[in-house]
Amino acid sequence: MSSSPSSHTPPRDSSDSEPKASNSSAPRSESRAFTWFAGLAGVIALLCVVSGVVMLVLKWMGLHPWSFLTQLPLIFLPIAFILLIIALVLAARRRRSL
């Protein structure tokens, strides 16, 4: 089998293609904390909104919503707001330190 020079490609040097890790590109703990607080707040808020919509649909159908469903937003929505405020404070601290 003969191979033409155009079909044969030399192996690449892997050291050139991978970027070097530096201290500036490494994620800081504040950045990870911000991501966790903001993500958790978003998931909890979404859960509360979905439960509120389910309550409205059940009432619209003439049914009585379950007590757990009515208590869920009362407890977890303030927690979601507190987590979001913490995430905003962490983001402001990180931005100020840059």
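1. Some ground rules. This is a predicted model, where local features need pLDDT of at least 70 and side-chain atom pairs count only at pLDDT 80 or more, while totals for chains, interfaces and linings use all residues. Residues are numbered from 1 along each chain as its sequence is written, and side-chain values use heavy atoms, with hydrogens and water left out.

2. On the fold: the protein chain has three helices and zero strands, in the order α-α-α along the sequence. Helices here are DSSP runs (H or I, at least four residues) and strands are E runs of at least two, numbered from the N terminus. Of the contacts with a separation of 6 or more, 71% are between residues 24 or more positions apart; contact means heavy atoms within 4.5 Å.

3. On burial: 18% of the 98 residues count as buried. The cut-offs are under 20% relative accessible area for buried and over 50% for exposed, with partly exposed in between (1.4 Å probe, protein chains only). The accessible surface is about 8,400 Å², and carbon and sulfur atoms hold 68% of that. Areas come from the Shrake-Rupley method with a 1.4 Å probe; for residues, only the protein chains shown count as cover.

4. Back to Ser51, which sits in helix α2 (residues 29-60). Ser51 counts as buried because its relative accessibility is 3%. Leaving aside neighbours within four places in sequence, Ser51 is in contact with Leu69, Leu72 and Pro73.

5. The largest nonpolar core is made of Ala41, Ile44, Cys48, Ala80 and Leu83. Both α2 and α3 (67-97) give two or more residues to this core, and α2 gives the most, with three. Such a core is a set of buried Ala, Val, Leu, Ile, Met, Phe, Trp, Tyr and Cys residues joined through side-chain atoms within 4.5 Å. Apart from neighbours within four places in sequence, Ala80 is in contact with Ala41, Ile44 and Ala45.

6. On the outside, a nonpolar surface patch takes in Val49, Val53, Val57, Trp60, Met61 and Leu63, with about 650 Å² of accessible area together. Met61 lies in the loop between α2 and α3, and counts as exposed because its relative accessibility is 52%.

How values were computed: Patches are made of residues with over 30% relative accessible area and no salt bridge: like charges are joined within 9 Å, nonpolar side chains (Val, Leu, Ile, Met, Phe, Trp, Tyr) within 5 Å. A salt bridge is a side-chain nitrogen of Lys or Arg within 4 Å of a carboxyl oxygen of Asp or Glu.
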